[in-house]
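Trainee: Could we go through this one together before I set anything up? I'd like to hear what you see in it.

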Amino acid sequence: MIGNREIAFFDALTLRDYLVDYQFPVYMPGALPFGLNGGGVFYVFDMREAPVDGEFPILAAASGNLEYDSSPTIAHSLQQLLSDLTNIEDFL
């Protein structure tokens, strides 16, 4: 936990399970979830466009509403994500 921001990062097997179970390729093609906040909100790399300076934007995606329109950008790099103390749910 970083301030009010909780991040549980996925290992490779868990990542695959979440991709399949939540049907990310169907609902959010080009999205790569890499963690959860413990309250049902995914941390997602938005890989629809080429990375900027080697980084993909990071979105907050609610597990019950996986769509780009409802998933705000919360950081433009992993460093920015880890330096912010805001609870991810405050962005939704």
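Trainee: Where is Phe-9 found?

Mentor: In this model, which is a predicted one, Phe-9 belongs to strand S1, made up of residues 8-9.

Trainee: And is Phe-9 buried, exposed or partly exposed?

Mentor: Phe-9 counts as partly exposed, because its relative accessibility is 48%. Together with Leu-78 and Leu-82, Phe-9 makes a nonpolar surface patch of about 250 Å².

Trainee: Going inside now, which residues make up the largest nonpolar core?

Mentor: That core has 12 residues, namely Ile-7, Phe-34, Val-41, Tyr-43, Phe-45, Phe-56, Ile-58, Ala-60, Ile-74, Ala-75, Leu-81 and Ile-88. At least two residues of this core are supplied by each of strand S3 (41-46), strand S4 (58-62) and strand S5 (73-75), and the largest share, 3 residues, comes from S3.

Trainee: Changing topic to charges, how many salt bridges does the count come to?

Mentor: The count comes to 2 salt bridges. In one of them the side chains of Arg-5 and Asp-84 meet, with 3.7 Å from N to O. Arg-5 lies in the segment before S1, whereas Asp-84 lies in the segment after helix H3 (78-83), so this pair ties together parts that are 79 residues apart in sequence.

Trainee: Are those two partners buried or exposed, or something in between?

Mentor: Arg-5 counts as buried, because its relative accessibility is 0%, while Asp-84, at 22% relative accessibility, counts as partly exposed.

Trainee: OK, and which side chains meet at 2.8 Å, N to O?

Mentor: Those are the side chains of Arg-48 and Asp-46, which meet in a salt bridge at that N to O distance. Here Arg-48 counts as partly exposed, at 47% relative accessibility, whereas Asp-46 is buried, with a relative accessible area of 9%.

Trainee: Why can side chains like these pair at all?

Mentor: Side chains of opposite charge can pair when their charged atoms come close.

Conventions:
Residues are numbered from 1 along each chain as its sequence is written. This is a predicted model: local features need pLDDT of at least 70, side-chain atom pairs count only at pLDDT 80 or more; totals for chains, interfaces and linings use all residues. Side-chain values use heavy atoms; hydrogens and water are left out. Patches are made of residues with over 30% relative accessible area and no salt bridge: like charges are joined within 9 Å, nonpolar side chains (Val, Leu, Ile, Met, Phe, Trp, Tyr) within 5 Å. Accessible areas come from the Shrake-Rupley method with a 1.4 Å probe; for residues, only the protein chains shown count as cover. A salt bridge is a side-chain nitrogen of Lys or Arg within 4 Å of a carboxyl oxygen of Asp or Glu. Helices (H or I, at least four residues) and strands (E, at least two) are DSSP runs, numbered from the N terminus. Buried means under 20% relative accessible area, exposed over 50%, partly exposed in between (1.4 Å probe, protein chains only). A nonpolar core is a set of buried Ala, Val, Leu, Ile, Met, Phe, Trp, Tyr and Cys residues joined through side-chain atoms within 4.5 Å.
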